[in-house]
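Okay, thanks for coming, everyone.

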Amino acid sequence: MELERFSYDNKIVKQFGIATIVWGVVGMLVGLLIASQLFYPALNFNLQYTTFGRIRPIHTNAVIFAFVGNAIFMGVYHSLQRLCKARMYSDLLSKIHFWGWQLIIVVAAVTLALGFTTSKEYAELEWPIDIAITLIWVAFGINMFGTIFKRREKHLYVAIWFYIATWVTVAILHIVNSIEIPVAFWKSYPVYAGVQDALVQWWYGHNAVAFFLTTPYLGLMYYYLPKAAKRPIYSYKLSIIHFWSLIFIYIWAGPHHLLYSALPDWAQSLGTAFSIMLIAPSWGGMINGLLTLRGAWDKVRQDPILKFMVVAVTAYGMATFEGPMLSLKNVNAIAHFTDWIIAHVHIGALGWNGFLTFGILYWLIPKLWKTELFSKKLANIHFWLGTLGIVFYASSMYWSGITQSLMWKQFTPLGTLQYPNFLETTLQIIPMYMIRATGGLLYLSGVLLMVYNLYKTAKQGTFEDNEAAEAPALVKVEDPFVKGKRHRWLEGKPIQFLLVSMVVVMIGGLVEFIPTFLVKSNIPTIASVHPYTPLELQGRDIYIREGCVGCHSQLIRPFRSETERYGEYSKAGEYVYDHPFLWGSKRTGPDLHREGGKYPNMWHYLHMENPSSMSPGSIMPAFPWLLTQNLDTTTTVAKISAMRSIGVPYPAGYEKYANQDLNAQADSIANDLMKAGVPAENNKEIIALIAYLQRLGTDIKVNKQQVQK
Amino acid sequence: MFNHYLQSIEGVGIYPIFSLLVFFIFFVVMLIWMLKADKSHLKKMSELPLDKDEDSDNNYSKINSGKTKQEIMNNRNKFSTKLGLLLFFILAGSSFSTLSAQTTQPEGITQSYIELMLILVFGITLMAFALLFYFGMGEKKKEPEFHPFSFLTKIKDKMMGAVPVEQEDEILLEDDYDGIKELDNRVPPWFNLLFLITIIFAIYYLLDYHVFKTGKLQAQEYQEEMHAAAIQQAELMKTGAFVNENTVTRLMDDASLDAGKNIFKTNCVPCHGPDAGGVIGPNLTDDYWIHGGGIKNIFHTIKYGVPAKGMISWQTQLNPKQIQDVASYIMSLHGTKPANPKPPQGTLYVKPQDSASAN
């Protein structure tokens with residue numbers, strides 16, 4: 001048994017660790033800012049770069065990809081080396097991975113503020129960054145698999161199964177959802193439209209939660225929790241069952257984001273059914289984590305690291321029960337588009353992802369710097385601040401979500417809406433927004449304590465870039481592929497493991513996509529629906545740029561309360577030319593799908609200039625730059641061509657007179673505005689936006705009021 | 001069905017009643033268990049040595065020193081009896097008052113339902129009281145190994161299927177992953193049961209909605225909801241509960257005019273000015289009306305709007321009474337002198353001589 005000597009790369013772990021902490025603080029600060037903008041709109045600063053619509057995606061991308069992302073890499077690089085008893089395959093790839101990822105984050109923040117966005121949640125970054133992400137992800141994969149191949153530990157520990165599944169699934173999700181056709185360096189359109197785009201987006205979106213926020217963290221939990229508790233994992237068998245069932249079932253659950261929408265019924269039902277079946281596999285992780293602490297519960301009382309981890313795993317269990325409950329149609333009917341969903345997200349994000357990250361950091365940093373944690377007391381205070389923060393956050397959002405939803409749905413005894421003015425429902429929950437921001441502030445202050453604590457810890461310790469290690473060389477012994485030991489066989493075969501995982505995760509997507517794309521009857525055509533005019537297309541792109549989809553939905557559900565308020569409910573065929581779809585996820589403001597023709601042009605002009613002038617008390621930020629910025633019509637030709645290439649039936653050669661049509665329509669709107677006494681110029685961006693808003697929902701011309709009369 | 005139920009505010013009172021019941025029962029059960037639990041068992045658990053030599057001040061045997069077991073039992077019995085009485089009154093009182101608050105629910109909860117709840121709560125409280133008395137009174141001759149609800153513990157152990165911590169070494173797997181080891185505990189039976197139940201639910205769900213078509217899909221749910229609403233509207237129409245542009249009369253009372261004034265201030269000022277002198281929309285205080293004056297025309301204009309001209313339809317935002325109020329208020333402004341009045345627009349409105357007209 002010859003002992004080989006090598007060293008673990010700790011420097012890369014340190015770098016990812018520092019990045020985790022830095023971006024965590026940044027991401028949470030942005031979160032605090034947007035939370036405050038909702039009750040104090042002056043914090044939009046009247047600048048286009050700092051409106052809620054533009055910076056909300058900076059918050060989501062920062063906390064998911066920068067904070068959680070770097071934490072994943074920190075944990076994977078640290079644990080994988082030791083579970084494989086091998087140094088990372090390539091130091092160069094490690095460096096490329098690290099610096100490439102940080103560069104992506106910086107570029108993301110800048111481009112999002114500038115309004116370069118696809119509008120698709122957690123996939124907002126435009127196509128050049130998408131390519132960069134793919135390249136870096138491949139580098140990470142090569143590095144990870146290279147390490148696995150040169151391992152000195154034959155069998156792959158459960159944490160590595162999760163890392164493998166994470167890597168391959170994120171790759172598939174990212175590539176499929178990012179298939180877009182560029183029209184300019186920072187602008188593209190997805191090849192998918194309407195209902196199909198919605199399905200692909202939420203297959204991606206939900207599985208970003210599954211395979212970026214869950215599976216890698218389960219892998220990290222399987223390493224760091226037993227390490228911190230010094231206890232064995234409760235059940236190897238359970239880890240097998242819940243791993244495979246989780247990665248298989250999770251994929252199918254995407255449509256639960258699209259219940260009561262224009263998505264075909266069968267797809268919605270699959271989403272619900274599989275979300276319910278997901279309870280046990282998810283809880284398998286929770287159980288294995290918590291039961292590993294059998295015999296060590298007395299330690300939890302003393303150790304802040306274990307406290308963080310226990311609450312993290314418990315929050316994971318809560319969120320993965322709430323999720324399936326929210327996937328039931330009747331619950332979803334109340335919760336969709338409200339703050340309830342936000343509450344659900346943040347229990348998972350602050351509780352599971354945040355707390356597990358903190359637990360790992362508190363355990364790992366002292367280890368890396370070969371010292372003790374600077375202050376256990378501060379860590380305990382952080383724990384309580386964070387827990388209190390989560391409670392404030394979640395309970396206020398539960399209250400506001402349910403209140404607003406019930407207000408939307410309530411009818412008077414005479415059969416009209418009790419709260420026909422949407423703004424009234426928003427103003428009712430402003431106090432809850434303040435409480436939520438307080439919760440976030442508490443949570444962030446705990447994190448700042450952690451920053452101080454870890455900084456002092458590092459200062460009092462010594463860091464070694466490379467940690468000497470030794471292990472016997474791998475003895476190649478073939479495992480028998482026999483009943484009862486089949487999984488053990490697979491644990492020794494990383495390539496087969498990768499391939500089996502890949503097949504397993506692809507099944508759900510294929511079953512849901514193929515019929516939606518190929519069976520025409522899933523998206524019934526509506527003859528009167530026609531493509532956007534060039535001016536409306538430009539206006540739509542402005543809507544996307546300003547992030548309007550962050551507060552306004554475009555999806556009227558088949559409920560009487562919604563058709564009373566907004567008009568006929570939304571049909572699949574209306575969205576066939578929507579690249580991307582703009583159904584939205586949240587109604588901080590009203591649904592806009594039938595906005596066309598509801599208000600005169602002049603109302604929209606004045607409203608965008610200053611929303612409070614038309615809606616007193618509105619929290620919507622002002623968009624005065626739309627009135628002064630010239631519309632860039634040089635992009636019209638490229639946009640029409642691109643749209644035609646992805647299936648929108650503009651006539652051949654239309655590009656030649658697209659701008660003529662654009663100008664004619666702009667003139668007509670500008671004249672109308674001037675007649676109404678508004679000093680409009682026909683070449684400004686506001687004209688395009690008004691054209692788009694006035695077009696919304698008018699194609700089917702079946703308006704409830706018209707029907708009744 | 002369930003969808004409609006949750007969509008209405010009325011009848012939602014069942015939930016607080018239900019949760020009160022759940023909490024109440026849970027609380028009572030916990031209380032009984034706590035008071036009856038084997039004290040020596042609790043003592044043993046709290047004195048489990050912590051890791052190494054951490055806090056050694058958890059020495060519970062120091063407490064209660066000097067008293068015999070019998071004395072402790074007697075004190076406990078007296079205490080638990082008093083506690084039981086106190087709790088009975090608090091719980092009974094609070095549950096009664098909560099439930100009587102529910103009696104103001106006119107729909108969804110019938111009177112008999114509330115009475116049933118009251119009986120149940122009182123019944124449970126009485127039972128709890130009785131149990132406390134039974135277990136709380138008298139002296140115990142010996143200290144039996146009495147674990148109340150020990151059958152629950154047995155069920156729990158069976159459902160967990162866990163090997164006791166003390167016997168872990170028997171199921172410790174050989175692999176060592178950087179110091180992490182794994183146990184070979186079986187997958188908990190309750191987990192398998194849960195998984196099975198959710199799979200059965202999922203199969204049932206898909207069959208119900210898509211094979212047997214016994215479940216209602218969203219389009220059908222919507223149709224039924226609209227149908228029910230149409231029936232309700234038809235009933236209300238018959239009773240004349242609605243005001244429309246054909247039946248509307250001008251209101252003159254202060255309450256309606258005040259309401260109308262508030263509606264005007266909230267909705268009409270941006271276009272018609274704070275004193276109805278006209279800004280983007282016309283002056284509403286003079287004799288000239290673009291779409292006809294008089295209460296019926298004004299009601300009609302507000303309700304349906306004039307989209308081509310920029311006047312919004314308000315019928316989705318204001319109910320008929322509200323439109324009647326604000327129309328009446330506008331009529332009350334006739335002849336007032338706004339600060340910056342727009343010149344007259346439209347045609348001179350002459351009140352019809354027909355005595356059947358509303359004004």
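Let's start with an arginine: Arg540(A) is buried, because its relative accessible area is 2% and the cut-off for buried is under 20%. You'll find Arg540(A) in helix H19 of chain A. So what does Arg540(A) touch, leaving out residues up to four places away in sequence? The list is Tyr532(A), Asp578(A), His579(A), Pro580(A), Phe581(A), Leu582(A) and Tyr692(A).

Before I go further, remember that this is a predicted model. The predictor gives the complex an ipTM of 0.93, alongside a pTM of 0.83.

Staying in chain A, have a look at His604(A). Is it buried or exposed? His604(A) is buried, again at a relative accessible area of 2%. This histidine sits in helix H21, which covers residues 601–609 of chain A. With residues up to four places away in sequence set aside, His604(A) touches Glu595(A), Tyr599(A), Ile690(A), Leu693(A) and Gln694(A).

Next, a cysteine in a loop. Cys548(A) has its place between helix H19 (534–545) and helix H20 (560–566) of chain A. Why does a loop residue like Cys548(A) count as buried? Because its relative accessibility is 14%, and anything under 20% counts as buried.

Tyr455(A) lies in helix H16, residues 430–459 of chain A. Tyr455(A) is partly exposed, since its relative accessible area of 48% falls between the 20% and 50% cut-offs.

On to the nonpolar cores. How many residues are in the largest one? It has 191, and the residues with the most contacts inside it are Trp101(A) and Phe358(A). Helix H6 of chain A, residues 194–229, gives the most to this core, with 22 residues. If you click on Phe358(A), you'll see it touching Met28(A), Phe67(A), Phe308(A), His382(A), Tyr443(A), Val447(A) and Met450(A), once residues up to four places away in sequence are left out. Apart from that core lies another, of 72 residues, and it includes Val529(A), Leu689(A), Phe299(B) and Ala327(B).

One bit of strand pairing in chain A, quickly. Strand S2 (residues 180–184) and strand S3 (residues 187–190) of chain A pair in the antiparallel sense, over 4 bridges. S2(A) and S3(A) make a hairpin, with 2 residues between them. Within that pairing, Ile181(A) stands opposite Tyr189(A) in S3(A).

Now the interface. How much area do chain A and chain B bury between them? About 6,700 Å², with 61% of it on carbon and sulfur atoms. On the chain A side, Tyr234(A), Leu414(A) and Arg560(A) lose the most area to chain B, and together they make up 10% of what that side buries. The contact takes in 85 residues from chain A and 72 residues from chain B.

That leaves chain B itself. It has 12 helices and 2 strands, and from the N terminus on the order is α-α-α-α-α-α-α-α-α-α-β-α-α-β. Of its 359 residues, 35% count as buried. The accessible surface of chain B is about 21,800 Å², and 65% of that belongs to carbon and sulfur atoms. For contacts in chain B between residues at least 6 apart in sequence, 66% join residues at least 24 apart.

And, as promised, confidence. Chain B has a mean pLDDT of 77, with 69% of its residues at 70 or more. Where in chain B is confidence lowest, and where is it highest? Lowest is helix H1 of chain B (residues 2–7), at a mean of 47, and highest is helix H7 of chain B (residues 189–211), at 96. Over residues 1–6 of chain B the pLDDT is below 50, and this stretch has 15 contacts in the model beyond near neighbours in sequence. Residues 137–142 of chain B are also below 50, with 10 contacts counted that way. Where pLDDT is low, the predicted coordinates should not be read in detail.

Okay, that's my tour.

Definitions and conventions. Residues numbered from 1 in each chain as written. Chains lettered and ligands numbered in written order. Predicted model: local features only at pLDDT ≥ 70, side-chain atom pairs only at ≥ 80, totals over all residues. Heavy atoms only, no water. pLDDT = per-residue confidence, 0-100. Contact = heavy atoms within 4.5 Å. Buried < 20%, exposed > 50% of the residue type's maximum accessible area, 1.4 Å probe, protein only. Areas by Shrake-Rupley, 256 points an atom, 1.4 Å probe, with all protein chains shown as cover. Core = buried A, V, L, I, M, F, W, Y, C linked by side-chain atoms within 4.5 Å. Pairing = 2+ DSSP bridges. Buried area = accessible area lost by both parts, 1.4 Å probe.
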